[in-house]
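Q: Please take a close look at the aromatic side chains and what surrounds them. Which of them are exposed, which are buried, and what do they touch?

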Amino acid sequence: MQTYYIIGEKYENANTAEFGFGDFPKRTPYVAAVVEAETLRKAQNKAKKTNANFMFSGMFGNRVHTDETLPDYLRATIAS
C-alpha cells in the first residue's frame, strides 16, 4: 500500500484590476484528501467514493501525488 495525496485548488477572483477584471483568478493548491491504495487508479477510485466532486481529467481536474512526488509547499499544508 502506498499513500496518495489528492490535490485540489481554491479559486479567488474578483472583478478588479488585481485579477485582470475576472480573467486571471488566483489558484491556491491544497491537499484535499489522503488515500492509502495499491495503485494510482485505485487511489482515484477510493477518493471518488469519499467525495463525488473529485475529477481526475481535464484542465481543472484534481492532481494525485505520492510521498516522493509531493512538492514541499504542499507538504507544509498537511495536518500532522
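A: Start with Y11. Its relative accessible area is 44%, so Y11 counts as partly exposed, because that value falls between the 20% and 50% limits. Keep in mind that this is a predicted model.

F60 is next. At 48% relative accessible area, F60 is partly exposed as well. Both Y11 and F60 belong to a nonpolar surface patch, together with M55 and M59. The patch covers about 490 Å². M59 sits in the loop that runs between α1 (40-50) and β3 (63-66). M59 is exposed, because its relative accessibility of 75% is over the 50% limit.

Now the ring geometry. A pair of aromatic rings is described by two quantities, the distance of the centres and the angle of the planes. The count of aromatic pairs comes to two. Y11 and F60 form one of them: the ring centres are 6.4 Å apart and the planes meet at 75°. That angle is over 60 degrees, so the pair is edge-to-face. Y11 is in strand β1, while F60 is in the loop between α1 and β3. The pair therefore ties together parts of the chain that are 49 residues apart in sequence.

The other pair is F54 with F56. Its centres are 6.4 Å apart, with 45° between the planes, and the pair is classed as tilted. F54 has a relative accessible area of 7%, so it is buried. F56 has 24%, so it is partly exposed.

What does F54 touch? Leaving out residues up to four places away in sequence, its contacts are I6, A32, A33, A47, K48 and N62. F54 is also a member of the largest nonpolar core. That core has eight residues: Y4, I6, A33, V35, A37, A43, A47 and F54. Three elements, β1 (2-12), β2 (26-37) and α1, each supply at least two of its residues. The most come from β2, which gives three. As general background, nonpolar side chains tend to be buried together in soluble globular proteins.

Beyond its neighbours within four places in sequence, Q44 is in contact with F56 and V64. Q44 lies in helix α1. At 14% relative accessible area, Q44 is buried, because the value is under 20%. N45 is in helix α1 too. N45 has a relative accessible area of 38%, so it is partly exposed. From N45 to V35, the C-alpha to C-alpha distance is 9.9 Å, and the two are 10 residues apart in sequence. V35 is one of the residues of the largest nonpolar core.

Next, the charged pairs. How many salt bridges are there in the whole structure? The search finds three.

E9 and R27 make one of them, with the closest N and O atoms 3.5 Å apart. E9 is in strand β1 and R27 in strand β2, so this bridge links distant parts of the chain, 18 residues apart. E9 is partly exposed, at 28% relative accessible area. R27 is partly exposed too, at 42%.

K42 and E38 make another, at 3.2 Å from N to O. K42 is partly exposed, with 44% relative accessibility. E38 is exposed, with 53%.

D72 and R75 complete the set, their closest N and O atoms being 4.0 Å apart. Why are they about one helical turn apart? Because D72 and R75 are three residues apart in helix α2 (residues 72-75). D72 counts as exposed, at 63% relative accessibility. R75 is partly exposed, at 37%.

Back to the aromatic side chains, then. F54 and F56 pair in a tilted arrangement. F54 is buried and belongs to the largest nonpolar core, whereas F56 is partly exposed and is in contact with Q44.

Definitions and conventions
Residues numbered from 1 in each chain as written. Predicted model: local features only at pLDDT ≥ 70, side-chain atom pairs only at ≥ 80, totals over all residues. Heavy atoms only, no water. Patch = residues over 30% accessible without salt bridge, like charges linked within 9 Å, V, L, I, M, F, W, Y side chains within 5 Å. Areas by Shrake-Rupley, 256 points an atom, 1.4 Å probe, with all protein chains shown as cover. Salt bridge = Lys/Arg side-chain N within 4 Å of Asp/Glu carboxyl O. Helix = DSSP H or I, 4+ residues; strand = E, 2+ residues; numbered from the N terminus. Buried < 20%, exposed > 50% of the residue type's maximum accessible area, 1.4 Å probe, protein only. Core = buried A, V, L, I, M, F, W, Y, C linked by side-chain atoms within 4.5 Å. Contact = heavy atoms within 4.5 Å. Phe/Tyr/Trp six-rings, centres within 6.5 Å; stacked < 30°, edge-to-face > 60°.
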